[in-house]
Amino acid sequence: MSVFKEKAGSVFRSLCVENWSPLMGGIVIAFFVILLEAWYRPWGIVGGLRNWGDWVFYLLGLYEDQPPHPLWFSSSVLNIGFLWGAFLSATLAREFSFRVPPGIEFVKAIVSGILMGIGSALAMGCNIGGMYMAINNLAANGLLMWIGLVIGVRFAVKYLYWEIEHLPAGGGFEINLSKINPLLALIAIVGLFLATRAYFGSEHDNGAILGGCLILTAGIGYAMHRSRLCIVNALREPFMSGEAAMARAVIVSLLLTTIGIAVLKAAGIRDEMAYVTPTFGLGALLGGIIFGFGMTVAGGCGSGSLWRVAEGQLKLWVVAIFFGLSNSLVRHLFSVYEIIYVNDEGELVSKWLGKSVFMPDYLGYAGTILLVAVFLLIWRILVDWNEETNRLVLEL
């Protein structure tokens with residue numbers, strides 16, 4: 001074997017086969033998240049799932065208004081790109097197979113998916129749009145949802161321990177497709193190239209913009225699957241094993257994106273109120289608790305569910321379906337009963353969920369970045385301390 005061939009194989013394995021460290025994943029994801037926000041808009045998961053759920057209810061005749069077309073609606077395109085990137089990562093590493101869980105896991109998937117839909121409707125975002133992207137967009141509701149998520153995760157860990165004792169699950173099987181994974185990877189690469197080219201070559205007003213969204217979120221999905229970065233893991237493991245590597249990766253990713261997006265907003269490249277939702281109050285806190293419980297029982301958060309969908313975990317397919325349907329239904333009811341509405345000034349407001357709080361309005365940009373940095377530093381110290389002492393670990 002020539003040295004060149006040997007080195008090429010080594011590079012391929014390190015980029016496409018071996019798992020990246022969570023820290024590397026967090027940094028690469030931060031890079032694509034900042035690029036995406038500079039390109040067009042903040043990253044999100046729930047809006048796309050809701051769009052797909054809206055179509056289901058519209059086709060069933062329950063909704064009167066036709067939703068935006070999924071291929072021309074940015075939130076939907078973000079999810080398509082994310083799934084595409086994660087699928088590409090899974091197939092290149094020969095990790096895509098259909099994994100069928102025991103029957104009880106399907107029941108848990110339905111219940112947890114519904115809870116995630118309700119929680120994300122209250123918080124107007126999942127752990128990505130309501131917490132990760134809210135914090136780095138300098139919205140106070142992101143910090144409040146983080147508190148809610150931690151509370152919900154802790155309750156869920158107690159439930160999972162109870163389940164282990166009283167409802168032991170067995171069974172499940174895998175339909176191994178590793179032999180055809182290289183072919184699927186080739187199809188995914190060619191398909192992604194053609195789809196991106198079609199968007200950029202389209203005469204549609206947003207064609208080029210959506211083409212950029214597709215390829216950038218494919219990068220996020222690829223990095224997230226390759227590193228198996230998981231916010232459920234980051235929030236759950238301090239209560240289960242004490243392990244903190246995933247939390248440290250999320251903290252670094254949050255710090256990088258907060259600085260990058262603050263620059264975009266301060267420079268006027270992105271609207272200051274982007275992803276600042278009227279949920280600083282009951283919406284972010286209660287939504288975080290419900291979503292945190294649901295995502296821990298599901299075994300995947302907003303983003304984690306989707307990259308597991310892309311590697312063939314059928315439980316998460318069910319979670320994602322009921323997540324999207326329930327979020328669509330609750331947000332539809334919010335609209336009907338004016339829980340969330342647009343006021344005369346054109347602002348999105350809510351009487352019940354909370355206020356829109358853009359932290360630089362109160363602290364300035366420097367003060368807000370300092371506040372977020374202190375929050376992340378305290379989080380980091382807590383998980384490191386707990387990793388050494390296991391003081392927060394719940395006993396089975």
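Buried residues have under 20% relative accessible area and exposed ones over 50%, with partly exposed in between, for a 1.4 Å probe and protein chains only. The model is predicted, so that local features need pLDDT of at least 70 and side-chain atom pairs count only at pLDDT 80 or more, while totals for chains, interfaces and linings use all residues. Residues are numbered from 1 along each chain as its sequence is written, and side-chain values use heavy atoms, with hydrogens and water left out.

**Exercise 1.** Determine how arginine 248 and glutamate 387 are paired and where they lie.

*Solution.* Begin with the contact: the two side chains meet in a salt bridge, 3.0 Å from N to O, the term standing for a side-chain nitrogen of Lys or Arg within 4 Å of a carboxyl oxygen of Asp or Glu. Helices here are DSSP runs of H or I with at least four residues, numbered from the N terminus. Finally, check accessibility: arginine 248 at 21% and glutamate 387 at 31% count as partly exposed.

**Exercise 2.** Describe the salt bridge between lysine 108 and glutamate 163.

*Solution.* The closest N and O atoms of lysine 108 and glutamate 163 are 2.8 Å apart. The pair links helix α5 (residues 103-123), which holds lysine 108, with helix α7 (residues 140-166), which holds glutamate 163, at a separation of 55 residues. Lysine 108 counts as buried at 10% relative accessibility, and glutamate 163 is buried at 8%.

How values were computed. Helices (H or I, at least four residues) and strands (E, at least two) are DSSP runs, numbered from the N terminus.
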